[in-house]
Amino acid sequence: MRLYLLFVLGSVFSDSFSKVQELKVDLDFTGDDVLQIYSPDVQHCQLACTQHHSCLFFTFFRSDWSKDNRIFHCYLKRTATGIPSHVADLKGVTSGFKLVPQAYKTHTCLSSTYQDVDFTGLDYLQLTLNTSDDCQKQCTSDPDCNFFSFTTETFPDAETRKKCFLKFSWTVPIPSVLIKTPGLLSGFSDSLAKEECKEEILANTHYRGNDFENVPAASPQHCQFLCSTHPRCTHFTYTTSTYSTEPEINMHCFLKHTQDVSQLKPVREEQLFSGFPIRNCKPSNVWATTLYEGLNFFGHDYRDFKTDTSDICREMCTKDQDCHFYTYVLPSYRDIGIRNKCFLKFRWTVPLPSVLKKTPGLVSGFSDSLPKTNGFKEKCKEEIFANTHYRGNDFENVPAASPQHCQFLCSTHPRCTHFTYTTFSYSSDPKINMHCFLKHTQNVTQLVPVREEELFSGFPTRNCKPSNVWVTSSYEGLHFLGHDYRNFKTDTSEICQEMCTKDPDCQFYTYVQPSYHDESIRKKCFLKFRWNVPIPSVLIKTPDLVSGFSDSLYKSKEECKEEIFANTHYRGNDIENVPAASPQHCQFLCSTHPRCTHFTYTTFSYSSDPKINMHCFLKHTQDVSQLEPVREEELFSGFPTQNCKPSNVWATTHYQGLHFSGYDYRDFKTDTSEICREMCTKDPDCQFYTYVQPSYHDESIRHGCYLKHVMTLPRPEKVVYRRDVLSGFSLRNCKTSD
């Protein structure tokens, strides 16, 4: 037996280290376990071992294992020598060693799918989709989704067939145990605090081709912001005011899309700036806070007045909720009549399809998330008059899906005093059908209605609760043309609208019914995006004019409203609880979890049961407005911070007298906790640390710095065999993903 063991070890540890990386089929590394997890295949098990701070080798129980219920068990193992203590032949298992860093980087794409395998638990969203491919695409496009399970059309329970279950697991490092310990100091790596974006913009650089849209932009930074806002934009190129002899393309932002940005080849070209979007961090505000001297944001005026300085003009724009940007005329301007004038400007930020086309076999509609009418107590007097025309006074016309949609648009625009809507059969000129004509007059009481078929007229609804009927309606036989950023197949238009509502980038959609003439796109759902940030339509280089944006456009997104309530408990509705170092850390974790709507944090002295102290209780409810706070000492409660820059105080704090227990992968002695923290920040594997102060009772470990690392590899809570279920992972790390 001893000779056999030596022979096997000799074959495992042969000449080259690359052979150690090879997987050993039907070979068991017996014992030496440090942790058991679930993995769907041996590659995932090997990745988990590579990420784990202690694991050096592993054994995985494959799907053909039949002796007991250990199928899909992944055992992470370690010895002091790095060599397994015992090796034995065993059918149904595969063993191996952790990957070297170079190999690990090439294996982070988890592209496999697993037939008849269910990743149980951790669901946060359930959708009805046609295929497992559609489910994986949805998981990949959703930043909260780490893996999924899909029930096929032969699944035993007919009601849950073709269901896509999106699943979330923590990818932020969380210490598993927090212990109040005098003489210890703990903290997180500074690299976890993502305060600023990497937002380098490359001067005199062009990424040619791949354009899908171009819009006016005041600067390269403004262009980068617009690219970051659009869901399809992967890179951009900006043209300066002197780039071309053709003024129509100067000061424009060319938004681009490619499947693989790593294949882009920059070309040197003067007066062009190129770069990439900035997401999931705090982008620069420089585009919004800059004064653009000598630039005219042309058109879109709704109010003007004289004032002494551009600063006052900007201040008035910021205070006026309708103002998005402005242009101020300096005293040196050639036209004396408009010197010192401040022009406040408004641009649509509600979703407007650019073309509406009557098309049998299509259904279109809006995201249900659009109407925000909370806070109004009274309904509006919103009568709309059929076959009625208020002639003249037009200042703008835009496409609209219905008279109610037109009324909503009129209510949104600060200049609109009344409107007229044209139906799809109003005129022989289709360009003016299904359009909303916005009108302005000084005195609406002087208006004279004229009877005219296929027209609807009315007045805006303001300071009250307008009807949502335009946004909740499905428009059968109507095509919201263009603005597609994503499409997939699904069974019904209701599911299409549901997907649009759940996708934060989707504002409206078009669904192709089974009766549509083109078979290739039947049952397809097209999600659509339209700018909801104000963009001047024309930028003109004009001496002695100063233009800029309202400070309110971006100030609201700089810092979160992150009030945390001391001695407050929102009882019940718990979905999970995890250790957390502070109330701010708990708020960050709640903001990270897609199901968390509120939280309660327990201090170290809350309970006589230490297992629930210093824990973050994540909670979920359908309506947070119905929550009733209860006063309770040593508890902190609050809400997540999303779509803004959350506080980094949890990551930058030193936790005096607190032990982040376990997960050590390296330790050394050093003079101060600051050096320990610096070493943690510089080491890419370190996520948090504990430093032993000179006053600690055990002399032998005083001045010790313990660097710590936890697995952030997406891993299912449990993996089980289940017929007619297919599971897999998000393809976000795969270059070939959509």
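Predicted model: local features only at pLDDT ≥ 70, side-chain atom pairs only at ≥ 80, totals over all residues.
In soluble globular proteins, nonpolar side chains tend to be buried together. The largest nonpolar core of the model comprises 48 residues. Within this core, the residues that touch the most other members are Leu129, Leu166, Leu527 and Phe660. When neighbours within four places in sequence are set aside, the contacts of Leu129 include Phe150, Cys164, Phe488 and Met499. Leu129 is also in contact with Asp134, Cys135, Gln138, Lys162 and Thr490. Another core, of 24 residues, lies apart from the largest one; among its members are Ile37, Ala48, Leu110 and Tyr114.

Strands of a sheet pair through backbone hydrogen bonds, either parallel or antiparallel. In the open sheet considered here, 5 strands are arranged in the order 6-40-8-9-7, and the pairing is antiparallel. The edges are formed by strand 6 (113-120) and strand 7 (123-128). Each of these two strands has a single partner strand, so one side of each is left without a neighbour in the sheet. From one strand to the next, the twist averages 40°. Thr128 is placed opposite Lys163 of strand 9.

Asp26 belongs to strand 1 (residues 24-30). The relative accessible area of Asp26 is 18%, and because buried means under 20%, this residue is classed as buried. The side chain of Asp26 approaches the backbone nitrogen of Gly92 to 3.1 Å. Residues up to four places away in sequence being excluded, Asp26 touches Arg62 and Ala88, together with Asp89, Leu90, Lys91, Gly92, Val93 and Thr94.

In helix 15 (residues 673-682), the buried residues are Ser673, Cys676, Arg677 and Cys680. These residues cover an arc of only 95° around the axis, which puts them on the same side of helix 15.

Notes
Residues numbered from 1 in each chain as written. Heavy atoms only, no water. Core = buried A, V, L, I, M, F, W, Y, C linked by side-chain atoms within 4.5 Å. Buried < 20%, exposed > 50% of the residue type's maximum accessible area, 1.4 Å probe, protein only. Contact = heavy atoms within 4.5 Å. Pairing = 2+ DSSP bridges. Helix = DSSP H or I, 4+ residues; strand = E, 2+ residues; numbered from the N terminus. Axes fitted to C-alpha atoms, helices over the stretch in contact; angles between N-to-C directions. Polar contact = N/O pair within 3.5 Å; in protein donor to acceptor, adjacent residues only side chain to side chain. Arc of directions from axis to C-beta.
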